[in-house]
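Trainee: I would like to learn how to read a few features in a model. Please show me the structure.

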Amino acid sequence: MLYKIDPRQVWTYAQHANGWLLLLTVVVATVTFPVRAIRWRLILRDVDGHRFPLLPLWHATTIGFMANNLLPARAGEVARAYVASRQLPVRFTTALGSIGVERVFDALVMLGLMAVAIAAPSFPSNALVGGRSLAAVATSAALLFGALLLLALVIVHRPAPWLALFARIARRLLPPRIAERVIAAAEGVLAGLAVLKSPGRFAGVVLWSLVLWIKNAAAFAICFRAFGLAVPLEAALLLQGIIGFGVAVPSTPGFLGVFEAATLVTLRLYGVDSSLAVSYALTYHLTTFLPITLLGLWSLSRLHIKLRELSIAPEGEAT
């Protein structure tokens, strides 16, 4: 799909983009990362239920997203949990479980915002992705993530029988030493789901998730205007959802290629020229890639952690 694009046209479109609107795009996109740290602080608590200080979570967030940009296979998710466990009195598996909770909330909120775009009069009624109705794909994904959230709610409110069942299965299938480590890891993951037990914190996570993804969609919409794209604002809600699910599967560092393909598929639904769509995607991707990568490298230097350590140290973490 991307190999058919004319690079000269892509470069010409990028040169004619509005520089001030591009700068605003980068600022708005980068502001989503402090919002992520605030939301993570609400999800992740210490053993006594107290809030952690924000700065260590900010460092872990910047390092995690920087690692996603520079390392393959979404290594930043594990790196973020690892850095948090080094800076705070929290288990690695608990931090990792809390990131899993984030991802479920992200998916459900993105799907809800996608539904707004699909229901809008501007949405192409016969839009297909991969030969399937986009509305049907979004509905199936919503049912899947809704079921995951429901299962997590059931488990977190009655953890003992589920942990006992998991422990019996692990001890039957695995060598004793490995089984005990897996069981301890499961207990840590369960602790990361504790936010689901508190209605107030649950509502707070939903609110911050909405702020995060509306702000992220605003960055896409501002970039529409920078490139003079004649697409409705609600197309930004659809675009971020398709990109979000496109990059969910572990892939290349920084999701290079995957991000551009997802953007091309989305903008073509609205009749945008392919070269213009790819120019938009590459420009947005590269300009928003830089700030969080530099912030993450700065946090690495502040915490005296090596980039190589992020890819090998978590392998030894079990609890």
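Trainee: Which backbone oxygen lies 2.7 Å from a polar atom of the side chain of serine 209?

Mentor: That of valine 205. A polar contact is a pair of N or O atoms within 3.5 Å; within protein, one must be able to donate a hydrogen and the other to accept it, and residues adjacent in sequence count only if both atoms are side-chain atoms. The side chain of serine 209 also makes a polar contact with the side chain of arginine 39, at 2.9 Å. This is a predicted model: local features need pLDDT of at least 70, side-chain atom pairs count only at pLDDT 80 or more, and totals for chains, interfaces and linings use all residues. Residues are numbered from 1 along each chain as its sequence is written, and side-chain values use heavy atoms, with hydrogens and water left out.

Trainee: Is serine 209 buried or exposed?

Mentor: Serine 209 is buried, because its relative accessibility is 0%. Buried means under 20% relative accessible area, exposed over 50%, partly exposed in between (1.4 Å probe, protein chains only). Serine 209 sits in helix 9, residues 199-226. Helices are DSSP runs (H or I, at least four residues), numbered from the N terminus. Setting aside neighbours within four places in sequence, serine 209 is in contact (heavy atoms within 4.5 Å) with Arg39, Phe105 and Val109.

Trainee: How do I read the packing of helix 5 and helix 6?

Mentor: Two packed helices are described by the angle between their axes and the distance between the axes. Axes are lines fitted to C-alpha atoms, for helices over the stretch in contact, and angles run from 0 to 180 degrees between N-to-C directions. Helix 5 (92-119) and helix 6 (134-157) pack at about 150°, with axes 9 Å apart. Therefore helix 5 is roughly antiparallel to helix 6 (angles over 145 degrees count as roughly antiparallel, under 35 as roughly parallel, 65 to 115 as roughly perpendicular, the rest as oblique).

Trainee: Which residues meet there?

Mentor: In helix 5, Val104, Ala107, Leu108, Leu111 and Ile118. Their partners in helix 6 include Leu134, Phe145, Gly146 and Leu149.

Trainee: What about the phi of histidine 304?

Mentor: Most residues other than glycine have a negative phi. Histidine 304 has a positive phi, near 60°. This residue lies in the loop between helix 12 (274-303) and helix 13 (307-312). Histidine 304 counts as exposed because its relative accessibility is 70%.

Technical notes: Helix = DSSP H or I, 4+ residues; strand = E, 2+ residues; numbered from the N terminus.
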